[in-house]
Amino acid sequence: MHPQTTYPAYSVERPVEQARGARGGAAVGFLLWLLAAPYFVLCLARLLGLDSSHWILVAAVSLTPYALPVGAVLTAVLLLTRRWIVGLVSLLLTILLVTVVAPRTAAAARPNGSGAALRVLSVNISMDHGDAAAVVRLVRERAVDLLSIQELTPGAERALDAAGLADVLPHRVFKPQPGAVGGGLASRFPVRERVVTKPTTAEHPAALIDLPTRQDVEFVSVHPWYPVGPKGAEPWLRDLAGLPGPDGTRTPRILAGDFNASLDHSAFRGVLNQGYLDAAEQVGAGLTPTWPTDKRFVPAFVALDHVLVDAQNFVVESFGTAVVPGTDHHAVLAEVKLVRG
């Protein structure tokens, strides 16, 4: 027998493998999920048009432009902490949000209009709280042709008359009501009242404006009910759905008012998709906020007030906002021009 030979034991040292898992541990992961979940819900509600299902989503989707920087930071943190799947999902959703929000900051290509130019002013006068003299001063200084008024009360009508509104805009269709449901329109040119909307919660006055040129214009003052009150979103959805679509090439139509909706709300985009252009978006001012203006420490952050024109008959020349003391909305002013005379 051969003696058993023993050999010294050798240990082979292997490099320690670097952990390829997520960084930060479970606590960080849980915190990131708490941030990612509402962001993902908002993105899906906005991108898939699911916001109308509940008033909370209606309110959340109005914050879409502010969700973008949050989403960008969240995505960066998720990827840096190697949470690859949720990070890539966040990256995709953020890119998709950019594609729907960014175009509002750039003016759209617009043809030259050869027809009459009209200056349109819309003011939510906040019942008896708005400064009627400031409204009339705006009308004079900006040479306004058409005025849309929301939340018009009998007291507000008297104040506007005392301030001299009839001297500059002598033609009107006023439907004052107590509370926030009244409305009206005033014009530099003769008007013929029309009914073009389905029954609505608040007044939606409408009229055919007899311009000096051959082409008349239909003008509608718009104020759908607010979607986050005790009645929920149903009256708001019904009021928006009841707005008339463009009248083809026969009668150019303008809708102006407090829509209680932003460009991110699917119900409002449904109105636009009928064939309207949003004046602010056309000139690259689609992120200009108009509400609220009555909070001491909270600036306006949502664009709820709009001037819409039908795409076949109008081009938008300019858009801006103005302060009316006492109201909780900025007034909006747009200059539009008929494509044909």
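Student: What covers the buried residues of α4?
Tutor: The cover includes α1 (25-48) and α3 (64-80), with contact meaning heavy atoms within 4.5 Å. Keep in mind that this is a predicted model, where local features need pLDDT of at least 70, side-chain atom pairs count only at pLDDT 80 or more, and totals for chains, interfaces and linings use all residues. Residues are numbered from 1 along each chain as its sequence is written, and side-chain values use heavy atoms, leaving out hydrogens and water.

Student: Which residues of α4 are buried?
Tutor: They are V86, G87, S90, L93, T94, L97 and V101. Buried means under 20% relative accessible area, exposed over 50%, and partly exposed in between (1.4 Å probe, protein chains only).
Tutor: Down the axis of α4, these buried residues fall within an arc of 130°, so they line one face of the helix. The arc is taken from the directions from the helix axis to the C-beta atoms.

Student: And on the other side of α4, which residues are exposed?
Tutor: I85 and L92 are exposed there.

Student: How far apart are the end C-alpha atoms of α4?
Tutor: They are 25 Å apart, which agrees with the 26 Å that the 18 residues of α4 (residues 84-101) should span at 1.5 Å a residue. The expected span is 1.5 Å times one less than the number of residues. Helices (H or I, at least four residues) and strands (E, at least two) are DSSP runs, numbered from the N terminus.

Student: Switching to strands: is β12 mostly covered or exposed?
Tutor: Mostly covered, as 6 of the 8 residues of β12 (residues 331-338) are buried.

Student: How many bridges join β11 to β12?
Tutor: There are 8, and β11 (residues 314-322) runs antiparallel to β12. In that pair, T321 stands opposite V332. Strand β1 (residues 117-124) is also antiparallel to β12, joined by 6 bridges, and L118 has V336 as its bridge partner. Two strands pair if DSSP finds at least two bridges between them.

Student: What about the open sheet, in what order do its strands run?
Tutor: The order of the 6 strands is β5-β6-β7-β8-β10-β9, with mixed pairing. At the edges are β5 (191-194) and β9 (276-278), each pairing on one side only.
Tutor: Within the sheet, 5 bridges join β8 (residues 253-258) to β10 (residues 305-310), antiparallel. D258 has D305 as its bridge partner there.

Student: Last one: what does the C-alpha trace span along its principal axes?
Tutor: About 125 × 40 × 35 Å for the protein chain.
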